[in-house]
Structure formats: structure tokens, C-alpha cells
Amino acid sequence: MIEVVFSFLLGVAIISSLCGVMPDHSRGDRILLCVLACVVLLACLSSFGGAEPKSLFQTFRELLRESFTSQLPFFLIGGVLALFIQLIDEGHIYKVWVLLHPQSAPTPEVHMGQRAKIAGFRQAKTPATLVGTSTTHLSAELDLYTETLIRLSYSVFEDRGALTMSRLEGELRLGTGHRQKAYHKIVAGNRGRPNVKRIAHRYWRSVNGSSRMSQSLFGDLCKLARNTNNRDRATINRLMTVGTALSLSPEDMGRAIQGAL
């Protein structure tokens, strides 16, 4: 039994060190080394009851030999577990999940096995005459629809300079209150080009794959591209990627892009 535990922990320790699951000198790394040392010490103490007591070095050597011979399956199980944890941490398992069965892939709004509550998806609309003057409007946070448009715009548009971001702020009426702060926080937190498919899937999952709401989001994104003067080929190609992630047909995407651009 001690050999099995040692082999399993050794597999976890080696693979996690090679793959970077647990950085050197981290708390997890120190705990794992302590547990391995305790297992070796326990095996050494258990040998004192036998005919030939073994030293700590002899016990460690025998445990290592058995880990790569008779207990090799347990060593491999530990290594595979550590590798699986690393893939989850890097988001690769989630990408495969979204690819194979997007209807069940969880999002911050809809957990695994749940259906979205579309009725409470967006906050109540504020009349246009009150925008900029209503206390409710000034203190309201961004709904997921608006947040998704912002994130997709930042990911899709070729020109993401200050002028484009200013135009985007005006188009979405984000120039005052908490909404403006939330907008600036999203833009400041983005580095490079965020993953378009993940952003689109979060929205798509939250509307239970509704084709109508997906078309509405895609159409508004195309209009934002036109109004911010992002009509180049690279932007259009990324718009097509968004449409595919929203499960829109090529015909629907083509009509929306032609109508807006």
C-alpha cells in the first residue's frame, strides 16, 4: 500500500513540475514534497519489524525502483491526473467542451446543467429622454448584452485606437456614471485580442442559443463596425468568426454584414 501511494504521488510531483502545474517553492510544491518524505519515512519505519531493517536510503531506492516497475500504472495515473489539472487550468478542456457540446458548457451566468433565465437577462430599458439625467441610468451596471458588444468590438475591430473607443462609448451611451467606469474597466483589462469564441459563447449560452437574439447582437456589432469605420477585410473575417460562434448561418451573417457595411 505504501508503494502504491508513493508511486502515485511521485507521478503527480514529476509531471506537475515538468508542466508547471505547481511552481517550484509554491505552497503546493512544498506540501507534496513533505508528503513524499513522510511516506518514505513511514516505509523505513515499517521495515524495522522485519528480519532485515533497511536504511532510509535503501527504502527510498526500492520505492523508486518499484514506482517504475511493478507500480508503474499508479505512477502513470498520478502523472495523467497532474496533466489533466494543467489542461483545465489553461482552459483547453473548456475549449473542447464548448466545441463538442456548447449547450452544456457553463458560463458565469449559466452553470453546468442549468438553463438561462432570459426574462431577467437585460435590465429594464431607460427612455431616451432620461438618458444622462436619470439616477437609475447613472448608477446602473452594464448588462451582458452591452458588455458582450464592448468585448467583441475590442476583439474584432482592426482599429482599436482612442477615437474608435470614444465613438463606441458614444454609440452605446456609456459616457456618464457607473456605466462609463465599467466600460473603461473592460477596455483597460483587455490585453491583445481576447478570445472571440469564448465571449460569443458566453452570450449564446445565456440566451439558450436563441437565433433571434444572436442575430440582434451580430447586427448591432456590424453597425458598430460601420459607425467606427472598421470596414476592412480583417474585421469582416473576425465578424464571420463571431457569427459562427453564435451559430448563425452564412446567409444571416452575409445579410447583416452587407446591410451594415
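**Helix pair and cores**

I started with α7 and α11, whose crossing is right-handed (the near helix is turned clockwise from the far one by less than a right angle). Helices here are DSSP runs of H or I, at least four residues, numbered from the N terminus. This is a predicted model, so I note that local features need pLDDT of at least 70 and side-chain atom pairs pLDDT 80 or more, while totals for chains, interfaces and linings use all residues. Residues count from 1 along each chain as its sequence is written, and side-chain values use heavy atoms, without hydrogens or water.

I then checked the angle: the axes of α7 (residues 144-156) and α11 (residues 211-227) come within 10 Å and cross at roughly 45°. Axes are lines fitted to C-alpha atoms over the stretch in contact, with angles from 0 to 180 degrees between N-to-C directions.

Next, who touches whom (heavy atoms within 4.5 Å)? Y145, T148, L149, L152 and S153 in α7 meet S216, L217, D220, L221 and L224 in α11.

Of its 38 residues, F218, V242 and L246 touch the most other members. α11 gives the most to this core, seven residues.

I also found a second, separate core of 13 residues, including L10 and L36.

Notes. Helix = DSSP H or I, 4+ residues; strand = E, 2+ residues; numbered from the N terminus. Contact = heavy atoms within 4.5 Å. Core = buried A, V, L, I, M, F, W, Y, C linked by side-chain atoms within 4.5 Å. Buried < 20%, exposed > 50% of the residue type's maximum accessible area, 1.4 Å probe, protein only.
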